[in-house]
Amino acid sequence: LIMSWYRSESDKVILRLYVQPGAKQNEIVGLIGDELKLKLAAPPIDGRANVVLIKYLSQLFRVPKSKITLKSGEKSRHKIVEICENKVPSESILAYLSV
């Protein structure tokens, strides 16, 4: 299984995400093209969805929020996130998916 949404480099992980704000709850939906789709329970106003995204990813991967950086897509649904932690298993996300 090639995961184009997930890239591991020496001491960090890069995630390509498609984010849908305004959902009832935070959840992983599945894969859309080469991105992992997430629904977020936050409106896309004043960066609130980005704050919720980072908090949600920190819970999913069990890493501190300070280790997560939004590299691109601040005002877009298409986002690239960097997690500065080399022990982030893609399996922990794949467990949520029926891929």
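D46 sits in the loop between β4 (35–39) and α1. Phi of D46 is near 55 degrees, a positive value in a residue other than glycine. Most residues other than glycine have a negative phi. D46 counts as exposed because its relative accessibility is 73%. The cut-offs are under 20% relative accessible area for buried, over 50% for exposed, and partly exposed in between, with a 1.4 Å probe and protein chains only.

R62 lies in the loop between α1 and β5. Phi of R62 is also near 55 degrees, again positive in a residue other than glycine. R62 counts as exposed, because its relative accessibility is 72%.

This is a predicted model, in which local features need pLDDT of at least 70, side-chain atom pairs count only at pLDDT 80 or more, and totals for chains, interfaces and linings use all residues. Residues are numbered from 1 along each chain as its sequence is written, and side-chain values use heavy atoms, with hydrogens and water left out. The predictor's confidence in each residue is its pLDDT, from 0 to 100. The protein chain has a mean pLDDT of 86, and 83% of its residues reach 70 or more. Strand β5 (residues 68–72) has the highest confidence, at a mean of 97. Helix α2 (residues 90–94) has the lowest, at 60.

Now the whole chain. Two helices and six strands make up its secondary structure. From the N terminus on, the order is β-β-β-β-α-β-β-α. Of the 99 residues, 40% count as buried. Contact means heavy atoms within 4.5 Å. Among contacts between residues at least 6 apart in sequence, 46% join residues at least 24 apart.

Last, the largest pocket. A pocket is an open set of points on a 1 Å grid over the protein atoms alone, where a 1.4 Å probe fits, with protein on both sides within 12 Å along at least five of seven lines; lining residues have an atom within 4 Å of a point. The largest pocket has a volume of about 230 Å³, the space filled by probe spheres set on the points. Its lining has 14 residues, and P44, E74, K75, S76 and K79 lie nearest its centre. Helix α1 (residues 48–61) gives the most to this lining, with three residues.

Key
Helix = DSSP H or I, 4+ residues; strand = E, 2+ residues; numbered from the N terminus.
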